[in-house]
Amino acid sequence: MGVRAARLEDVDAVTSTQIRAWKAVYRDFLPPIPLEQMTGPAAEKMWRRQWEEAILSPPTPRHRLLVAVERVVPDTDAFTALGPGGILATAAQRASDRVVGLASHGPAEDPDLHPATTAELMTLLVDPNHIRRGHGSRLLNATVDHLREDGYNTVVTWVFADNHPMIGFLESAGWGEDEAERVLDMGRPIRMIRLTTDIS
């Protein structure tokens, strides 16, 4: 298990992880039609292009996409005829990383914030089949490490006000509401709140 910078070959896995996570979490509080528009086939193509651009040509050097990965090792029982040495060599060759979460960040864009000192956590998602394994914490810690290296002292993020699991997770990591909010028209008003934390 670990966190690393996203690679071009991760784009499909990043996109599918995002779609699965949104469907699993957002279905509890977003209207079905907007959620389908966010996660349907057309949207999936758009997100795939967006993540490809984020990896190949980020807007600034301070924009990053990180992925949480689990090491996948094949079942060596299938290689018993090779003997112990052959088993180890074949398993090592076929072992691979499975993307199970993602986090993206960059300079804050809200007009009341200073982008030189305040960053925004734009995305933090873990595949619903891999939650409660520490991936979210590892992604968050890696994000903060990068942002400190870039000289930031504050991080903000926007969260749906009804996304209680995410709010609870961030609050347990020392984040808190800063009283900024926005309301989206998604067939009915959907409220978002801004959370912040000091990383200096």
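In the predicted model, strand 6 and strand 7 form a hairpin with 3 residues between them, and G187 in the turn has a positive phi of about 90°. Helices (H or I, at least four residues) and strands (E, at least two) are DSSP runs, numbered from the N terminus. The two strands, strand 6 covering residues 176-185 and strand 7 residues 189-198, run antiparallel and are joined by 7 bridges, where pairing requires that DSSP finds at least two bridges between two strands. Within this pairing, E181 has I193 of strand 7 as its bridge partner.

This is a predicted model, in which local features need pLDDT of at least 70 and side-chain atom pairs count only at pLDDT 80 or more, whereas totals for chains, interfaces and linings use all residues. Residues are numbered from 1 along each chain as its sequence is written, and side-chain values use heavy atoms, with hydrogens and water left out.

Strand 6 also contains E179, which has a positive phi of about 80° although it is not a glycine. Most residues other than glycine have a negative phi. E179 counts as exposed because its relative accessibility is 77% (buried means under 20% relative accessible area, exposed over 50%, partly exposed in between, with a 1.4 Å probe and protein chains only). A positive phi, of about 60°, is likewise found at R132, which is not a glycine; R132 lies in the loop between strand 4 (118-126) and helix 5 (135-149), and at 83% relative accessibility R132 counts as exposed.

Turning to the helices, helix 1 (residues 11-26) packs against helix 3 (residues 41-56) at an angle of about 130°, with their axes 9 Å apart; axes are lines fitted to C-alpha atoms, for helices over the stretch in contact, and angles run from 0 to 180 degrees between N-to-C directions. Helix 1 and helix 3 are therefore oblique to each other (under 35 degrees counts as roughly parallel, over 145 as roughly antiparallel, 65 to 115 as roughly perpendicular and the rest as oblique). The contact, meaning heavy atoms within 4.5 Å, is made by V11, D12, V14, T15, Q18, I19 and W22 of helix 1 and by E44, W47, R48, W51, E52 and I55 of helix 3.

Helix 1 also packs against helix 2 (residues 32-39), at an angle of about 170° and with their axes 10 Å apart, which makes helix 1 roughly antiparallel to helix 2. Here the contact is made by I19, W22, K23 and Y26 of helix 1 and L35, M38 and T39 of helix 2.
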